[in-house]
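Here are my notes on this structure, as numbered points. Please read them with the model open beside you.

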Amino acid sequence: MRIENEGKGEFSSMAMQLWADGALDEALNIMENADEANVISTLDQMPLTSDEFITLLSPIADNFRQQIEETAKELTRLRFGKTVNLYIPLYLSNHCINNCSYCWFGTDQNFERKVLSIQEAREEAKLLYRVGYRNILLVAGEDPKATSVEYLAEMILLMKEIGFVFVAIETQIFSTDEYSKLGAAGLDSVTVYQETYDPILYSKAHPSGPKRDYMWRINAPDRIAQAGIRGVSVGVLLGLGDFRREAITLATHIKHLNKAHWQTSVSASFPRIHSAPNGFSSEHAVSDTELVRLILAMRLTFPDSTLAISTRETPKLRDQLFGMGINQASAGSRTSPGGYSGGGAGEQFPVADDRTPMEVASAIQDKGLEWVFKDWDINFKPIK
Amino acid sequence: MNDTFTIGGREFYSRLLVGTGKFRSSEEMVAAIEASGTELVTVSLRRVDLDSPSDHILKFIDPEKYLVLPNTSGARNAEEAIRLARLTKAAGISTWVKLEVTPDPRYLLPDPVETLKAAKILVGEGFTVLPYINADPVLAKRLEDVGCATVMPLGAPIGSNLGIKTRENILIIVEQANIPVVVDAGIGAPSHASEAMEMGVDACLVNTAIAVANNSAMMARAFKKGVEAGREAYLAGIPKPLTTARSSSPTTGLPW
């Protein structure tokens, strides 16, 4: 079957076709039948077609890992130069009314809950500004009482006032009108991971709370673009579903967003489960080799998209990926509200790369790359 | 022979303009700029952080040696580009601006409507405006009419290293222009720069190809030579190619 990318509507209809009609099984056949000649031919011309992308997800692609890495490096350099952009997450709140099976912020988890006041957020943000960060990601669990649209708008304004030129959020998702309000406050980008595109698994992983609504979430990136926010970052939580099916849907999602919203900058991240609350067991753990394979295939398919990696991953893996597909990274992150200025409350996940920003910067330099704090301007506003 | 050209009343000897983005380090950037022999470097305002001396790209560029041309890269409409230009003027950085308005974040192709709008306003405010445009001859004339100092048509999408893919349109722009024509974007190798210069453009702007080379300074030198070779060939007059093969010294004794 053929799924048309008509560049209109919302992504949910395409996702439903992918997951309902056996289209993904057909795609996986391409992968399973891929031979070395198929892999070699993918490297002829960039960017990759969907068949070529799927071919590069195959384990057989690992036989050509060096060539694929070189191509990924070259494409990353052409677009982003010899640079890696650094950003920093600031956790505003760990209050949450969802109960996602994989997350430490869930309602079943018993730990110290905290939401930063304006004054506390100011103190945390100023510390980060002084380090040199100009790109900040505000993170919060989902709890409209703790972190309402008004609260987030106030926080975005605060960040801009302190001097951050690029302010993104990763929070509960909103309506188009609400995103427009946040845009008016200065919001530059929104990170929204579908976690899993598999509708059945999605229901299991999200037993309660507003996040249960698969459709509302899968169409959030469309709403963000419609609201005129300039950037949207998508991804899946690797380790939750079958990474091959998830990767194909993720790539299709980006193709849809690029075509439907020509002025929106779409980027991708690759969060991977390393530890989860008791009771969660992953049937689809993603190995380092698979993660790297995915990132390389994404770079060859999306030469112009920012691809980011967080401190969930180890220094060894991150250093390997800088410039090799990855052009944006966080560094020196704390994943608990108040974690920069004090001990912080409960954290969302433990970081695997606990190096200081300057240690990460020097690792980037050792790779022959420059780390960049500022690559945006405070005068850039939402599209609408 | 002094083969100079003039932009906004300022005379330039080097016909190679160099961008400062995408380098591995400031040191590498400075070495490449020096090796290129350029007198004009562009700086992306989005990368300038006046509040952070250590991350301040302008600190590394000697204003005595180079004219700094700030660009508005990242601006997606006239309003944003104008705002950036005004701030640059207010901060005392420059009254020159390379106008880039690119609403499409992937191919970074310039918006003709917003570029013309911004150019008109900025020229009116006394800026020396160098607009980045698609190779559109009519737009080039419109921009000349509103008082731009140059036009800067692209050879191919920015950062693509594809070379001069807009050849026929650039030739029309050169033929019609009364202001310097600078080919910007797409130039991936010194031979591409040579080709553009042979076509009669006044200068080339190169960034990615120099910055991402394994040896940026060496590549900058190569581009200097490429630009000079193309320029000299243009001045010398390039014989027109023939469409059929022809022996240069007949051996048959026949008169053809």
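1. Start at the contact between the chains. A:Arg134 pairs with B:Asp49 in a salt bridge, with 2.8 Å between the closest N and O atoms. A salt bridge here is a side-chain nitrogen of Lys or Arg within 4 Å of a carboxyl oxygen of Asp or Glu. Side chains of opposite charge can pair when their charged atoms come close. Between chain A and chain B the count is four salt bridges.

2. A word on the basis. This is a predicted model, in which local features need pLDDT of at least 70 and side-chain atom pairs count only at pLDDT 80 or more, while totals for chains, interfaces and linings use all residues. Residues are numbered from 1 along each chain as its sequence is written, chains are lettered from A and ligands numbered from 1 in the order in which they are written, and side-chain values use heavy atoms, with hydrogens and water left out.

3. How many residues does each chain give to the contact? Chain A gives 29 residues and chain B gives 36 residues; contact means heavy atoms within 4.5 Å. About 2800 Å² is buried between chain A and chain B, 43% of it on carbon and sulfur atoms. Buried area is the accessible area (1.4 Å probe) that two parts lose on being put together, summed over both.

4. Polar contacts also join the chains. There are 23 residue pairs in polar contact between chain A and chain B, both residues at pLDDT 80 or more. A polar contact is a pair of N or O atoms within 3.5 Å; within protein, one must be able to donate a hydrogen and the other to accept it, and residues adjacent in sequence count only if both atoms are side-chain atoms. On the side of chain A that touches chain B, helix H5 (65-80) and strand E9 (370-372) of chain A are the elements that give two or more residues. H5(A) gives the most, with four residues. Helices (H or I, at least four residues) and strands (E, at least two) are DSSP runs, numbered from the N terminus.

5. What is the make-up of that side of chain A by class? It has ten nonpolar, eight polar and eleven charged residues. Ala, Val, Leu, Ile, Met, Phe, Trp, Tyr, Cys and Pro count as nonpolar, Asp, Glu, Lys and Arg as charged, and the others, Gly among them, as polar.

6. Next, the cavity. The whole structure has one cavity of 30 Å³ or more. The largest cavity has a volume of about 50 Å³. On a 1 Å grid over the protein atoms alone, a cavity is a set of points where a 1.4 Å probe fits but cannot get out, and a pocket is an open set with protein on both sides within 12 Å along at least five of seven lines; lining residues have an atom within 4 Å of a point. Grid points are joined across faces, edges and corners, and a volume is the space filled by probe spheres set on the points. Residues lining the largest cavity include A:Asp62, A:Arg65 and A:Arg293. H5 and helix H13 (288-301) of chain A each give two or more residues to this lining. The lining has four nonpolar, no polar and three charged residues.

7. The second largest pocket has a volume of about 1300 Å³. Among the 44 residues that line it, A:Pro47, A:Leu48, A:Thr49, A:Lys255 and A:Thr301 are the closest to its centre. H12(A) supplies the largest share of the lining, six residues. By class, the lining has 23 nonpolar, eleven polar and ten charged residues.

8. Look again at A:Pro47. A cis peptide bond joins A:Met46 and A:Pro47, with omega about -10 degrees. A:Pro47 sits in the loop between helix H3 (36-42) and H4 of chain A. Most residues other than glycine have a negative phi, and most peptide bonds are trans. In chain B, B:Asn161 has a positive phi, near 55 degrees.

9. Within chain A, A:Glu32 and A:Arg244 meet in a salt bridge (3.2 Å, N to O). This pair links distant parts of the chain, helix H2 and helix H12 of chain A, 212 residues apart.

10. Finally, B:Asn77. Its side chain reaches the backbone nitrogen of B:Glu79 at 3.3 Å. The backbone nitrogen of B:Glu80 lies 2.9 Å from a polar atom of the B:Asn77 side chain.
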